[in-house]
Amino acid sequence: MSTLTSFTTLPAPLRALASVADERYHVYPLISGKRIKKKRWIEAPDSELKATQRWLLDNWLYQLAPTGFAHGFVPGRSILTNAAEHVGRRWVVTADIRDFFPSITAGRIATCLAELELEDADRSAVVQLVTRRGRLPQGAPTSPHLANLVARSLDLRLSGLAQQHDWTYTRYADDLTFSAGSPDSPDSPDSPDSGMPPHELLWAIERIVSDEDFQLAADKTHVMPHHQRQTVTGLVVNRRVALPKPRRRMLRAMLHRLETAGPETLDLRQLQVAQGHLALSKLIDPDGFDLACKHLAELIRNSVAASSPGPAVDSGSAATTKLD
């Protein structure tokens with residue numbers, strides 16, 4: 001790739017901050033999951049480092065583009081655009097990269113930044129500003145985009161494998177998705193219309209992922225034929241993109257409770273959860289959920305006004321968040 005030349009030197013205050021950047025994070029565990037608890041360590045930069053990382057992202061790093069196969073953390077793309085690529089397929093195969101951000105080293109970031117025409121000292125300082133202890137931190141605003149840049153080679157190799165064998169490939173952050181065939185094709189994965197059989201495909205995927213210095217999470221690999229529910233980044237894709245039935249039932253129950261008992265029966269957090277699901281539902285079916293979204297937004301505004309001052313509610317943030 002050619003280098004980009006529209007850059008100046010790194011401002012002196014940022015070079016000074018780079019030398020102490022590792023000390024400017026608040027590290028804490030994030031527990032998720034209902035039945036099986038999962039712990040992730042969040043490394044949140046302080047306000048000054050976060051502002052610096054945002055400046056680097058907006059002014060320099062966004063000049064480097066991910067591949068068209070990446071749908072996570074890319075403007076104009078979302079879990080919806082990712083799932084839409086795999087609607088109505090005979091087979092859907094999903095896999096997950098283990099420890100995606102932590103497995104990306106400072107050296108790999110430096111290789112990506114070689115495309116920017118920077119002095120060696122400035123490039124090293126930028127790497128220090130966007131990594132912690134030599135790895136990509138979960139919690140920095142620069143990490144998702146940098147991960148997409150590092151994964152460009154992986155995307156190109158996996159998409160090449162997919163195209164060679166009549167499969168479609170996309171990636172949303174650490175989620176890899178492949179799909180192939182028509183639901184009307186023969187059931188056997190070894191039939192001529194199926195391209196490479198799913199389990200052979202997974203074997204080839206694992207080799208490429210390993211060769212690119214990543215690892216698959218063995219317990220998060222799924223092969224889904226069309227007669228079973230096929231989900232891609234939390235959305236059902238058998239016939240069209242849709243919310244899974246359990247989430248639709250939960251949303252209907254919450255809305256019914258609001259209508260019959262009033263908003264005082266739900267606390268603000270529950271209202272925000274409902275709003276997140278509604279935002280996603282509206283993204284998928286704008287006409288079907290527009291009125292409910294407006295009604296719930298009004299309830300949340302009233303609830304926030306009646307409670308103690310707190311952070312503003314982001315009404316649209318859930319629309320592009322991956323559903324686990």
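At what angle do the axes of H4 and H5 cross, and within what distance do they come? They cross at roughly 130° and come within 10 Å. H4 is therefore oblique to H5.

This is a predicted model, in which local features need pLDDT of at least 70, side-chain atom pairs count only at pLDDT 80 or more, and totals for chains, interfaces and linings use all residues. Residues are numbered from 1 along each chain as its sequence is written, and side-chain values use heavy atoms, with hydrogens and water left out.

## Terms

Helices (H or I, at least four residues) and strands (E, at least two) are DSSP runs, numbered from the N terminus. Axes are lines fitted to C-alpha atoms, for helices over the stretch in contact, and angles run from 0 to 180 degrees between N-to-C directions. Angles under 35 degrees count as roughly parallel, over 145 as roughly antiparallel, 65 to 115 as roughly perpendicular and the rest as oblique.

## The chain as a whole

The protein chain holds 11 helices and 8 strands. Of its 324 residues, 44% are buried (under 20% relative accessible area with a 1.4 Å probe, protein chains only; exposed is over 50%, partly exposed in between). Residues 24 or more positions apart account for 73% of them.

## Helix packing

| Pair | Axis distance | Angle |
|---|---|---|
| H2 and H5 | 10 Å apart | about 125° |
| H4 and H5 | within 10 Å | roughly 130° |
| H4 and H6 | within 10 Å | roughly 75° |

H2 spans residues 47-59 and H5 spans residues 120-130. The two helices are oblique to each other. Their crossing is left-handed (the near helix is turned anticlockwise from the far one by less than a right angle; clockwise is right-handed). Leu49, Thr52, Gln53 and Leu56 of H2 make the contact with Val126, Leu129 and Val130 of H5. By class, this contact has 5 nonpolar residues, 2 polar and no charged. Here Ala, Val, Leu, Ile, Met, Phe, Trp, Tyr, Cys and Pro count as nonpolar, Asp, Glu, Lys and Arg as charged, and the others, Gly among them, as polar.

H4 passes H5 in a right-handed crossing. On the H4 side, the contact uses Ala106, Ile109, Ala110 and Leu113; on the H5 side, Arg123, Val126, Val127 and Val130. The classes are 7 nonpolar, no polar and 1 charged.

H4 and H6 are roughly perpendicular to each other. Arg108, Ile109 and Cys112 of H4 meet Leu146, Leu149 and Val150 of H6. That contact has 5 nonpolar, no polar and 1 charged residues.

How many residues of helix H6 (residues 143-150) are buried? The count is 8 of the 8, so H6 is largely enclosed by the rest of the structure. Ser143, His145 and Asn148 are among them. The buried residues of H6 pack against H2, H4 (106-113), H5, H7 and E4.

Leu136 lies in the loop between H5 and H6. Its relative accessibility is 2%, so Leu136 counts as buried. Phe100 is 36 residues away from Leu136 in sequence, with a C-alpha to C-alpha distance of 9.0 Å.

Arg132 is in the loop between H5 and H6. Is Arg132 buried or exposed? At 13% relative accessibility, Arg132 counts as buried. Not counting residues up to four places away in sequence, Arg132 touches Asp22, Tyr25, Val27, Glu43 and Pro137.

An open sheet of 4 strands runs in the order E4-E5-E3-E6, with antiparallel pairing (two strands pair if DSSP finds at least two bridges between them). E4 (168-172) and E6 (222-225) are the edge strands, each pairing on one side only. Neighbouring strands are turned by 15° against each other on average, direction ignored.

E3 (residues 91-96) and E5 (residues 175-180) pair over 6 bridges. Val93 has Phe178 of E5 as its bridge partner.

Two helices lie across this sheet's strands. H7 (residues 152-164) lies across E4 and E5, at about 155° to E4. H8 (residues 198-211) lies across E3, E5 and E6, at about 145° to E5.

How values were computed. Contact means heavy atoms within 4.5 Å.
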